[in-house]
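Trainee: Please take one part of this model and look at it closely. Then set that part in the context of the rest.

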Amino acid sequence: MVAKTFHGGKLSGLSASIVAVLKERIVGWQYPPEHRLTEEALCREFGVSRSPVREALRALVTNGFVKKMENRGYAVRQLDLRDIEELYDLRTALELHVVGQLARRGGSRSELLALRETWKGLLLGPRRKGEELAQLDTRFHETLAELAGNRMLLEQLRAINERLLVFRMIDFGEPRRAESTCRQHMKVIDRIAAGDAEGARAAMRRNIDDGREIVHDSIKEALAKAYASASGFTPRLARGRGKKR
């Protein structure tokens, strides 16, 4: 059986299929926050043994989609708007420092140009899925931090990005967000290459703030819908297969 890559390691084909279905439900707000997930129920739903279910749940915990409970059960991670806002504040402070430092210091021109070409290609190429764009966006910001050469800052940014991955996926669910992000990333790089620290910081702030606004509004709307339908939740995906009906 072919193993598939998921953040944190490789998954078997069965586990990867279960992860894909559960992740789609979580990101699509078919589950309300704190919705309980049990191995027994998932085994029945997908028609599999406990082993692939456990592997899938461990992967979802690693990636921040669910949390493990004290009673060995699992629950969809609760969303706290204040925590999200604070993470965005911290991320903004770190990334403004990074681009300002890169613009003042200069250098790394070949790496910056390669990064710009990547996002120019995404702008002109076929539309990508939200999850792929979220991962590419994360990589863009972490690459800039790598170029800045501050190891501790990069570790902090990676920790923040792990917690924000779900919300980045929400961000890229906005149809026009991909195009605006491509243009914003190219502008950040252009300002860095020009040695314009203030311009680079302004472009980066705009990029982060646009994503924060989309996520904030989407979460409030989705939470209202999720709680309204919590008592009568019925997955929209076929049982046992992970395919839409």
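Mentor: Cys43 is buried, because its relative accessible area is 13% and buried means under 20% (exposed is over 50%, partly exposed in between; 1.4 Å probe, protein chains only). Cys182 is buried too, with a relative accessible area of 2%.

A word on the ground rules. This is a predicted model, so local features need pLDDT of at least 70 and side-chain atom pairs count only at pLDDT 80 or more, while totals for chains, interfaces and linings use all residues. Residues are numbered from 1 along each chain as its sequence is written, and side-chain values use heavy atoms, with hydrogens and water left out.

Val76 lies in strand S5. Helices (H or I, at least four residues) and strands (E, at least two) are DSSP runs, numbered from the N terminus. Val76 is buried, as its relative accessible area is 4%. Which residues touch Val76, leaving aside neighbours within four places in sequence? They are Ile26, Tyr31, Pro32, Pro33, Glu34, His35, Phe65, Val66 and Lys67. Contact here means heavy atoms within 4.5 Å.

Take two of those partners. Glu34 is 42 residues from Val76 in sequence, yet the two C-alpha atoms are 4.8 Å apart. Tyr31 is 45 residues from Val76 along the chain, and their C-alpha atoms are separated by 7.4 Å. Tyr31 sits in the loop between helix H1 (13–27) and S3. Tyr31 is buried as well, because its relative accessible area is 4%.

Next, the sheet. It is open, has three strands in the order S3-S5-S4, and its pairing is antiparallel. Strand S3 (36–37) and strand S4 (66–68) are the edges, each pairing on one side only. Strands pair if DSSP finds at least two bridges between them. S3 and S5 (residues 74–76) are joined by two bridges and run antiparallel. Arg36 stands opposite Ala75 in S5. In general, strands of a sheet pair through backbone hydrogen bonds, either parallel or antiparallel.

H4 has 25 residues and reaches 36 Å from its first C-alpha to its last, close to the 36 Å expected at 1.5 Å a residue. The expected span is 1.5 Å times one less than the number of residues. Gly106 follows H4, and its phi is positive, near 75 degrees.

Then the aromatic rings. Rings of Phe, Tyr and Trp (its six-membered ring) pair if their centres lie within 6.5 Å; planes under 30 degrees apart count as stacked, over 60 as edge-to-face and the rest as tilted. By this rule there is one aromatic pair. Trp119 and Phe140 form it edge-to-face, at 5.9 Å centre to centre and 80 degrees between the planes. The pair links distant parts of the chain: Trp119 belongs to helix H5 (residues 109–124), Phe140 to helix H6 (residues 130–148), and they are 21 residues apart. Both residues are buried.

One more stop: Asp210, in helix H9 (residues 197–228). Not counting residues up to four places away in sequence, Asp210 touches Arg177 and Gln184.

Finally, the whole chain. It has nine helices and five strands. From the N terminus on, they run β-β-α-β-α-α-β-β-α-α-α-α-α-α. Of its 245 residues, 45% are buried. Of the contacts between residues at least 6 apart in sequence, 72% join residues at least 24 apart. The chain exposes about 13,000 Å², and carbon and sulfur atoms supply 50% of it. That area comes from the Shrake-Rupley method with a 1.4 Å probe; for residues, only the protein chains shown count as cover.
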